[in-house]
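Biologist: I would like to learn how to read a model like this one. Please show it to me, and then I will ask about its features.

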Amino acid sequence: MNQTNAYAMGQHLPEYGNLQVISYLITTHHDFTRHIMEEIAELLMEAHREMKNPPAELGELSGIWEKYHHDMLAHLRDEEEILFPWIEQNGQIKVDPSNPAISEQIKHMLSDHKHHEDEMEHVKRLADNLSAKGGFIPVLARLAYKLKQLNTDLKEHMEIETNLLFPRMLGKDK
């Protein structure tokens, strides 16, 4: 799917079935997230190499980034290998989350994204602080920009899942 088609599809997601929404999430948001997280990891290393007295936020971000990056990649993998195939198998069928046949993992993944939202907010605050302190330092400006792009993309991704895909599966769509 090229950029133009992905953008056009994103505008009309509520009109599409679950399989098309899943395809959109993977080819647009998952691929973007993987790529930009690698860029951010490289920018963190570059910032540490280039700066003699980096701001405290850079050290804090570096301290949490490896786990954040690992957890996010695991989350994307779980969606692609567990949740999305399960949704594909069930098609457009509404499911009862209290059904014992639905695994705890699926129930957890169908629940809200509160823990990811909290992590994203922390990273966003650090990005904002880096941007304010290091806007004139190219590597910090690029790092802050990439972190903001990631945050925007993850919010959109979670909105699609939380407000469109998951409610459909749980019979709570409008």
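Biologist: What share of the contacts in the protein chain with a separation of 6 or more comes from residues 24 or more positions apart?

Modeller: A contact means heavy atoms within 4.5 Å. In the protein chain, residues 24 or more positions apart account for 78% of the contacts with a separation of 6 or more. This is a predicted model, where local features need pLDDT of at least 70, side-chain atom pairs count only at pLDDT 80 or more, and totals for chains, interfaces and linings use all residues. Residues are numbered from 1 along each chain as its sequence is written, and side-chain values use heavy atoms, with hydrogens and water left out.

Biologist: How many helices and strands does the protein chain have?

Modeller: Helices (H or I, at least four residues) and strands (E, at least two) are DSSP runs, numbered from the N terminus. The protein chain has six helices and zero strands.

Biologist: Where is the kink in α3 centred?

Modeller: A bend at a residue is the angle between axes fitted to the seven residues ending there and the seven starting there. In α3 a kink of about 40° is centred on Glu79.

Biologist: Which residues form an aromatic pair?

Modeller: Rings of Phe, Tyr and Trp (its six-membered ring) pair if their centres lie within 6.5 Å; planes under 30 degrees apart count as stacked, over 60 as edge-to-face and the rest as tilted. The structure holds one aromatic pair. Trp65 and Tyr68 form it, tilted, at 5.3 Å centre to centre with 40° between the planes.

Biologist: Why are Trp65 and Tyr68 separated by about one helical turn?

Modeller: An α-helix has 3.6 residues a turn, so residues three or four places apart point the same way. Trp65 and Tyr68 are three residues apart in helix α3, so about one helical turn separates them.
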